[in-house]
Amino acid sequence: MASAFSLEGKVAVVTGGSRGIGRAIALAMAKAGADVVIAARKPEDLEATAKDIQATGRQCLAVPTNVRERAALDNLVAQTVGKFGRLDILVNNAVTNPHFGPVDTAEEWQFDVIMNTNLKAYFLLSNAAMKEMQKVGGGSIINLSSSGGFRYMTGLGLYCISKAADIMLTKVNAVEWARYNIRVNAIAPSIVRTDFAKALWDTPAIYNQAMSGTPLKRIAEPEELGDVAVFLASNASSYITGQVIVADGGGQAGPPPATW
Amino acid sequence: MVLKDFLVEGRVAIVTGGGRGLGHAIALCLAEAGADVAVAARTREQIEDTAAEVRKLGRRALAVPTDVTQADDVDGLVQRTLDEFGHVDILVNNAGIAPVRPLVPMLGSQPKPAAGAWDFSRPTSEEEFDLVMDTNVRSVFLACRAVGPHMMGRSKGKVINVASMGGLRGWDYHTLYTASKAAVINFSRSLAREWARYDINVNVIAPGRFPTEATKGQMADEHIRRDLLRRIPLKRFGEPREVGLLAVYLASPASDYVTGQTFGLDGGAMVLP
């Protein structure tokens with residue numbers, strides 16, 4: 001049975017793979033049998049995570065990458081294929097959010113940075129990876145979106161807009177690339193225990209407000225996102241494409257928190 | 001080991017409609033992943049066969065003839081399972097019917113009845129309405145009501161309701177069916193919230209088109225088949241085992257933070273208009 005969920009023989013690329021959700025996904029995929037390429041800007045963080053991945057017995061390649069640079073994305077795919085000879089799984093996970101507050105208070109450069117990182121890089125890297133997946137007869141692309149892609153989150157307006165765009169990118173690519181047997185799905189978490197979201201879960205007022213709309217009454221651990229990603233990357237989800245898997249402790253099954 | 005998160009060893013599952021089709025595949029996949037399974041349906045021979053296959057996989061099995069529309073039967077199913085295995089961790093509400101029929105006879109040209117379809121020359125009867133709602137909705141209510149106190153008491157549980165892509169959008173000549181599946185989806189969302197405090201997850205599988213006994217009539221028509229395939233980006237129907245594997249994921253610890261969700265399993269069809 002476990003074999004249906006196994007990723008043995010597959011090669012995965014995870015952006016933002018050195019920390020937080022990306023690190024958890026990279027580790028989970030390695031433990032499920034995949035060789036993993038992790039990309040992020042800071043070489044030190046990458047090396048540390050690469051060591052942890054190698055400790056699982058799988059191979060890991062760390063490629064310092066700024067996803068806002070087209071050449072860096074092409075280089076990431078080239079290095080992956082150069083080292084492992086194939087690319088089966090892409091996890092678009094690197095994101096940024098330089099602005100917290102009402103959208104009218106955001107600078108134009110903040111809008112550009114958010115869209116270039118959270119949307120344009122997904123678009124470009126998916127295109128590049130798709131060409132390699134075609135060569136091996138298919139693949140699985142997993143885009144990290146957010147429950148903010150569906151509903152308003154206080155102070156995170158631009159981020160929410162970029163995450164909604166990721167959902168539609170997921171659906172468009174799912175339909176257009178189904179003919180290549182490439183499945184494209186998204187994961188939409190609410191708050192996860194990462195450095196990226198620390199300002200949310202470490203601020204009691206924000207945390208309590210979020211929990212008032214979360215039936216399971218806890219935030220997600222990064223490892224739980226790893227399991228969702230392994231499922232979507234594996235043959236166990238072979239008929240699932242164009243879907244958004246919401247991992248939010250039940251929040252979206254009902255009304256948002258009363259204080260919103 | 002991540003893959004361990006996808007196992008359900010030592011767990012006990014109840015699968016309704018487990019004698020054939022998707023329920024049969026779900027029961028076998030859960031067994032492969034380590035669960036003991038109580039298989040329920042009306043037809044004894046079919047559930048005995050499924051139970052025998054579960055045992056062949058090295059797991060314990062119980063075949064309980066059950067009419068899922070009857071409270072006594074459903075309560076009895078849960079009690080039998082508890083007597084035999086001591087606990088219930090996973091409930092898969094899969095039993096259902098999918099009749100094709102126009103609500104009332106159409107003016108002008110009639111749709112061609114698929115094999116086994118109900119009589120299209122008269123309006124849908126109240127008995128037909130009750131049969132669809134009883135089989136597809138009341139059954140879910142009864143089974144959840146029956147396992148609820150037990151799962152709450154143990155502060156753990158996984159409820160998986162099998163609805164349909166038709167519960168999220170309209171389908172021609174499927175008014176009663178799609179209404180019943182929409183009911184299952186929203187029943188599940190509300191129950192997910194109600195039982196979240198007991199760490200009981202409630203999720204829905206919404207399959208698209210799968211060739212099973214229940215859909216054999218429709219699929220036999222080459223014209224309908226081609227038309228359906230045109231609307232599926234992956235250009236193939238699903239395999240029952242693919243539903244079984246999603247059920248394993250939703251029954252396993254790997255999905256512990258996922259609740260109240262509906263999983264489209266449709267080869268991408270939901271994305272199309």
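This note goes through a sheet, a helix and the nonpolar cores of a predicted model.

1. Basis. In this predicted model, local features need pLDDT of at least 70 and side-chain atom pairs count only at pLDDT 80 or more, whereas totals for chains, interfaces and linings use all residues. Residues are numbered from 1 along each chain as its sequence is written, chains are lettered from A and ligands numbered from 1 in the order in which they are written, and side-chain values use heavy atoms, with hydrogens and water left out.

2. The sheet of chain A. Seven strands of chain A form an open sheet with parallel pairing, in the order β3-β2-β1-β4-β5-β6-β7; strands are DSSP runs of E of at least two residues, helices are runs of H or I of at least four, and both are numbered from the N terminus, while two strands pair if DSSP finds at least two bridges between them. The edges are held by β3 (60-64) and β7 (244-247) of chain A, each with a single partner strand, so one side of each has no neighbour in the sheet. From one strand to the next the twist averages 15°, with axes fitted as lines to C-alpha atoms (for helices over the stretch in contact) and angles between N-to-C directions running from 0 to 180 degrees.

3. Helices on that sheet. Helix α2 (residues 43-54) of chain A packs on the sheet, touching β2 and β3 of chain A, and its direction makes about 170° with that of β3(A); contact here means heavy atoms within 4.5 Å. Helix α5 (residues 157-177) of chain A lies across β5 (139-144), β6 (182-189) and β7 of chain A, at about 160° to β6(A).

4. Helix α3 of chain B. The buried residues of α3(B) are B:Val74, B:Leu77, B:Val78, B:Thr81, B:Leu82 and B:Phe85, where buried means under 20% relative accessible area, exposed over 50% and partly exposed in between (1.4 Å probe, protein chains only). They cover an arc of only 125° around the axis, which puts them on the same side of α3(B), the arc being that of the directions from the helix axis to the C-beta atoms. On the other side of α3(B), B:Asp72 and B:Asp83 are exposed.

5. Nonpolar cores. Of the 97 residues in the largest nonpolar core, A:Phe5, A:Met29, B:Leu30 and B:Tyr249 touch the most other members; such a core is a set of buried Ala, Val, Leu, Ile, Met, Phe, Trp, Tyr and Cys residues joined through side-chain atoms within 4.5 Å. Its largest share, eight residues, comes from helix α8 (residues 240-251) of chain B. Apart from this core lies another, of 30 residues, including B:Ile14 and B:Met151.
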